[in-house]
Amino acid sequence: MPSTNPPAHSESARRCYYTWDIHYDCNYRCSYCYFHDTWDAQQKLNRYPGIEHWKAVWDGVFARYGEGHLHVSGGEPFTYPGIIDLIEALLPKFTMEFDTNLSFDAAGFMRRIPPGRVKFCATYHPEFVERGAFLRKVRALWLARYDIGVSCVAFPEHYEELRKLHADTKALRLPLTIMPFRGTHQGKTYPAAYTEDESRMLCSLDAQNAPRSMAFYGKKS
Ligand code: SF4
């Protein structure tokens, strides 16, 4: 395994960095999702004006500000209708980054979109995919030279899976980001409810990001 793939975004991101919640919908329904109790309300916010509309919008942004980096999130971006066509159209003008559960057809993606200008923030969701299957997709993208990192939500019921994911990503020499759970579980509100031991454990699995995100959401390690 290569120790690193070329970053997909360095120069463009330095110029203009955009974050786009492309829609609030997802093919998973994780119990710990930030949107878990509000999907119906969130979906009412969605707009699907067609790919040509979005091409024109981003062409306008490009005409005004030049090249940039487009961070696409949601929901799950890859369930947006026509997303691959849209990526193909936007990539010459923007490098792109996706927060994704990686459930899409990765082989089909690789056939159409080359590495170099695309980055994946792939999140493992144990309630909907087996860890080995998820990591096989991650590895395939990594070996094909796509810029990719792995993340997981620190849901209290998933600590054992988190430890295994940490070991797996370490063996693959891939970065792992642990995101604090934001929500209520067994009557406790997280991340404030993480115990000191839990906080230390999570920060030991992701020394780079977890302490900062815990502090940001009000739970010091
Ligand atoms: S994959 Fe992400 S957006 Fe979809 S339900 Fe799970 S946490 Fe929510």
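**Close-up views of a predicted model**

View 1. Ala 8 is located in the segment preceding helix H1 (10–15); helices (H or I, at least four residues) and strands (E, at least two) are DSSP runs, numbered from the N terminus. The model is predicted: local features need pLDDT of at least 70 and side-chain atom pairs count only at pLDDT 80 or more, whereas totals for chains, interfaces and linings use all residues. Residue numbers start from 1 along each chain as its sequence is written. Ala 8 counts as buried because 22 C-beta neighbours lie inside 10 Å; a residue is buried with 20 or more other C-beta atoms within 10 Å of its own, exposed with 12 or fewer and partly exposed in between, the C-beta atoms being placed from the backbone. Leaving out residues up to four places away in sequence, Ala 8 touches Thr 95, Glu 97, Gly 116, Arg 117, Val 118, Lys 119 and Asp 147, contact being defined by C-beta atoms, placed from the backbone, within 7 Å. From Ala 8 to Asn 101 the C-alpha distance is 19 Å, with 93 residues separating the two in sequence.

**View 2. The ligand shell.** Asn 101 is one of the residues surrounding the ligand, together with Cys 26, Tyr 28, Arg 29, Cys 30, Cys 33, Phe 35, Gly 75, Glu 76 and His 125. A residue is near a molecule or strand if its C-beta atom, placed from the backbone, lies within 6 Å of it. The shell comprises 5 nonpolar, 3 polar and 2 charged residues; Ala, Val, Leu, Ile, Met, Phe, Trp, Tyr, Cys and Pro count as nonpolar, Asp, Glu, Lys and Arg as charged, and the others, Gly among them, as polar.

**View 3. Strands E5 and E6.** Strand E5 (residues 147–154) runs parallel to E6, and 5 bridges join the two; strands pair if DSSP finds at least two bridges between them. Val 150 has Leu 176 as its bridge partner in E6. Between E5 and E6 the chain passes through helix H7 (residues 159–172) in a right-handed β-α-β crossover, that is, with the strands pointing away from the viewer, the path from the first strand over the helix to the second runs clockwise.

**View 4. The largest nonpolar core.** Among the 43 residues of this core, Met 96, Val 138, Leu 141, Ile 148, Ala 154 and Ile 178 touch the most other members. A nonpolar core is a set of buried Ala, Val, Leu, Ile, Met, Phe, Trp, Tyr and Cys residues joined through C-beta atoms within 7 Å. Beyond neighbours within four places in sequence, Ile 148 contacts Phe 120, Ala 122, Val 138, Leu 141 and Trp 142.

View 5. Most residues other than glycine have a negative phi, and most peptide bonds are trans. The Gly 74 to Gly 75 bond is cis, with omega near 10°, and Gly 75 belongs to the loop between strand E2 (68–73) and helix H4 (83–90). The bond from Tyr 190 to Pro 191 is also cis, with omega near 10°. Leu 102 has a positive phi, near 65°, and is buried, with 23 other C-beta atoms within 10 Å. Arg 145, in the loop between helix H6 (131–143) and E5, has phi near 80° and is partly exposed, with 15 other C-beta atoms within 10 Å.

Notes. Contact = placed C-beta atoms within 7 Å.
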